[in-house]
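Please open the model in a viewer and follow the selections below in order. Each stop names a selection and then what is there.

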Amino acid sequence: MRGNTRRRLSGRLEHADIRTGLRWKLSAAIALVGALVAITLSLVVHNAARVSMLDNARDVADQRLVLFQPTYERPGRHPTSPAFRLDDPTLPRALRDKVEEGRRATYVSERHGNVPDIWAAMPIKGGHVLSLHTRFPDRSSNILRDLDKALVIGSIAVVLGGSALGVLIGGQLSRRLRKAAAAANQVAKGEPDVRVRDAIGGVVRDETDDLARAVDAMADALQQRLEAERRVTADIAHELRTPVTGLLTAAELLPPGRPTELVLDRAKAMRTLVEDVLEVARLDSASERAELQDIVLGEFVARRVAAKDPGIEVRVVHESMVTTDPRRLERVLLNLITNAGRHGRPPIEVTVEGRVIRVRDHGPGFPEALLAEGPSRFRTGSADRAGRGHGLGLTIAAGQARVLGARLTFRNVRPAGAPKSVPAEGAVAVLWLPEHAPTSTGSYPMLPHQGA
């Protein structure tokens, strides 16, 4: 039972998303080091001061013993101070052994409460032992206590100051890294003019600057490579248009029959593929601009879906007027319906609610790779969606949605609370049209209250 609990706890910790800021990590590290240094120095200073005070007390006791030795060596004289004793039976054993060797010595013993006793003893005439027994001076104890208080206060000040310094330094470094991450995300979203080094700013040259320059260099290299690939793709597709068109024209001149139908079908598929590749290349170039019009969204969707497939149900929950590019919106809508019909199962349902369009089928759902990474060209998904097509339909839909300033999301329909291992009951593509569509230049209109 204990082993199972430990395994469950470790599994939860592995999957937990524990996120802490760099400033707090750095502050905690400085505070920990400061605390260790402060404690170590406090112990060293405390012990050194205590040893010094004890040595001083022992020296004083030894000097008093030597000073009063002649007095107690006279015949018939006895100690007049309760601190001095002759042949004291309570003399510590270690000190007695040294005196028996004929030596003058001092000794420190600890009493209850960690208060030291100072002993001094020496042999005198007549075979006697003269000893002095005193307590650690109260003044020295007070000084030691005051020193301990000062060390505690100093240690706390060091820890707090180190923490504040860690927050200050870590905050500055964290801000630079957050700016670098934000700039890198902009580059990843297709903004090639953004430079991470310019985004972090500052005059300090450190490892953050090296990282920023490396990211900028990598982004430039990737951009050049992608641009080269886009040009090659566009050039190849453009060059193929003429022979494919000629092939299709020639196939239409063939005598009627099954072979002619097969040739025409493949020629049309090839022409469609070439046109799709050219469209993807244009979308990748980020030069496409929307031609905006005001349309009634629910009515527009219903007409376009009915023209595509009258058997598809269109449900308008809430009608709305939107400003968008009808041609591109139709392209996105038809691609989603075509994808649902090709890879899913009927019935296909289209729902319009305000500025949101949902296209749902009842098939096996989208592949996990598409849900995690989004559409990718020439990736048709797993075998559970039949593997047909070239993966360009959803890629074009996503690209056209970006031109419209819209957001296209994908998810699978599962029973409430069901894990991912449960087969999906359908796939849903959702197009979120923006409240303020991009202008023909690709920019977004500014709200009236934002212009001030």
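**Stop one: helix α11**

Select α11 and pick out Leu392, Leu394, Thr395, Ile396, Ala397, Ala398, Gly399, Gln400, Ala401 and Val403, which are buried (buried means under 20% relative accessible area, exposed over 50%, partly exposed in between, with a 1.4 Å probe and protein chains only). These make α11 mostly covered, with ten of its twelve residues buried. The helix runs over residues 392-403, and at 1.5 Å a residue its twelve residues should span 16 Å; the end C-alpha atoms are 16 Å apart, which agrees. The expected span is 1.5 Å times one less than the number of residues. Just after α11, select Gly405, which takes a positive phi of about 75°.

This is a predicted model, in which local features need pLDDT of at least 70 and side-chain atom pairs count only at pLDDT 80 or more, while totals for chains, interfaces and linings use all residues. Residues are numbered from 1 along each chain as its sequence is written, and side-chain values use heavy atoms, leaving out hydrogens and water.

**Stop two: α8 and α9**

Next select α8 (residues 297-308) and α9 (residues 326-343), which pack at an angle of about 50° with axes 11 Å apart. Axes are lines fitted to C-alpha atoms, for helices over the stretch in contact, and angles run from 0 to 180 degrees between N-to-C directions. The two helices are therefore oblique to each other (under 35 degrees is roughly parallel, over 145 roughly antiparallel, 65 to 115 roughly perpendicular, the rest oblique). Which residues of α8 and α9 make the contact? On α8 they are Leu297, Phe300, Val301, Arg304, Val305 and Lys308, and on α9 Pro326, Leu329, Glu330, Leu333, Leu334, Ile337 and Thr338, where contact means heavy atoms within 4.5 Å. By type, the residues of this contact divide into nine nonpolar, one polar and three charged.

Move on to Pro347, in the loop between α9 and β8 (349-353). A cis peptide bond joins Pro346 and Pro347, with omega about 0°. Most peptide bonds are trans.

**Stop four: Gly161**

Now select Gly161, in helix α4 (residues 138-188). Gly161 is partly exposed, at a relative accessible area of 37%.

**Last stop: the whole protein**

Finally, select everything. The secondary structure comes to eleven helices and eleven strands (DSSP runs numbered from the N terminus: helices H or I of at least four residues, strands E of at least two). Of the 452 residues, 33% are buried.

Note on methods. Nonpolar A, V, L, I, M, F, W, Y, C, P; charged D, E, K, R; others polar.
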